[in-house]
Amino acid sequence: MTSYIEIQRIEKSKIATVDFDNLPFGSVYSDHMLECNFKDGTWQKPVIKPFAPISLDPSAKIFHYGQSIFEGMKAYKDDSENTLLFRPLDNWKRLNKSAERLMIPEIPEEIFMEGLKTLLKVDSDWIPRNPGSSLYIRPFMFATGTGFHASPANEYKFIIATAPSGAYFAGKVKVLIEEKYARAANGGVGYAKAGGNYAAQFYPTQLAIEKGYNQVVWTDDNTHQFIEEAGAMNIFVRINNTLITSPTSDRILDGITRKSILQIAEDEGIKTEVRKISVGEVVKAAKEGCLLEMFGAGTAAVISPITGFGYQENDYELPVLEESFASQLKKKITDIQTNKIEDPYGWRVIV
Ligand code: PLP
Ligand code: COI
């Protein structure tokens, strides 16, 4: 398969210009990207080529009708210089679930997996070695086919680009529980990683930022009474010693970090519940002092503790714990991801 992927190498690597000790998130890009085009009803030969701008027709349907989906993954290096991925097939499956919903042709497993592994071999030096950093991987697909007719395109592009990255959040994460806007609706595309889901969040998030918060916690579109997820993370709430997260639905992204945390927590003897969480319950627990933790979970954010939340013009602080579920679970999941401990689940994949 590898020989079936064409490799066009960059003339001069940019790697010497990158400060690996001070990596931003997702804004410094590795030398190469994988590109594969869909046309004449089939995916064409994948090519690994220098990371560079792409040229599109102004009538490409991505610009007009938003057929665009993506994934987020990370690659790590262990102490023996192995390149590691975490549950990559789950990302491939989810990309195709998103593809189905957005009428984008599904990408075959071989192109996704062999393309990704070959790209990681070509850009192996770009995978950060410092703890807390990783190579963020962004596979994405979008409509390149043209026409102003509001119907699915007949041509698409699949790209995998990568970015050596540090932490997603620079500082504390203070959230606002949303009472007016909705990120997703029943029967909609909330469960898909569609670009438009993120665009729709920017305005309410900006309003929250202006009020002094970093992120919005989305509530259900119908009643705004139940906590669903955050901008780029699933949400966990700890009330006393029970860790609770909402069930996934067609409004919520089925996060790979979320389901891994649920599994690890259960195996660590932490009581977990997957059920609807009402805002009223969270506010009451905060007032009574038994809301011990809230955190977001996602590939980019890993596990990001929430320091406080706002709701109906009131602010609620979360306690600072010496031993939190967030730090216990973060250590366990990152130790599995980076090959520091055994992986009893078979989640780690060596490239
Ligand atoms: N929810 C949303 C809206 C996201 O964008 C993400 C990030 O991918 C997540 C949850 C977490 O998903 P995962 O753990 O698979 O990265
Ligand atoms: C990820 O966690 O990988 C995501 O895709 C979130 C992204 C919006 C930064």
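I looked up which elements build the shell around ligand 1. Strand E12 (227-230), strand E13 (233-239), helix H5 (256-267) and strand E16 (291-298) each supply at least two residues. Helices (H or I, at least four residues) and strands (E, at least two) are DSSP runs, numbered from the N terminus.

I noted the ground rules. This is a predicted model, where local features need pLDDT of at least 70, side-chain atom pairs count only at pLDDT 80 or more, and totals for chains, interfaces and linings use all residues. Residues are numbered from 1 along each chain as its sequence is written, chains are lettered from A and ligands numbered from 1 in the order written, and side-chain values use heavy atoms, with hydrogens and water left out.

**Ligand 1**

I found 17 residues around ligand 1 (a heavy atom within 4 Å). The closest are Lys 193, Tyr 198, Glu 229, Thr 257 and Thr 299. By class, the shell holds seven nonpolar, six polar and four charged residues. Here Ala, Val, Leu, Ile, Met, Phe, Trp, Tyr, Cys and Pro count as nonpolar, Asp, Glu, Lys and Arg as charged, and the others, Gly among them, as polar.

I then checked polar contacts (N or O pairs within 3.5 Å). A polar side-chain atom of Tyr 198 lies 2.5 Å from an oxygen atom of ligand 1. For Glu 229, such an atom is 2.5 Å from a nitrogen atom of the ligand. Thr 257 places a polar side-chain atom 2.5 Å from a ligand oxygen atom. Alone, ligand 1 exposes 380 Å², and the protein buries 97% of that (Shrake-Rupley method, 1.4 Å probe).

**Ligand 2**

I listed the residues around ligand 2; among them are Phe 70, Tyr 136, Arg 138, Lys 193, Thr 299 and Ala 300. The shell divides into six nonpolar, two polar and two charged.

Which side chain has an N or O atom 2.7 Å from an oxygen atom of ligand 2? I found Lys 193. A backbone N or O atom of Ala 300 lies 2.8 Å from a ligand oxygen atom. For a polar backbone atom of Thr 299, I read 3.4 Å. Taken alone, ligand 2 exposes 280 Å², of which the protein buries 90%.

Why does ligand 2 lie between domain 1 (6-165) and domain 2 (174-336)? Because both domains give residues to its shell. The domain bounds come from an automatic or database assignment.

Notes:
A polar contact is a pair of N or O atoms within 3.5 Å; within protein, one must be able to donate a hydrogen and the other to accept it, and residues adjacent in sequence count only if both atoms are side-chain atoms.
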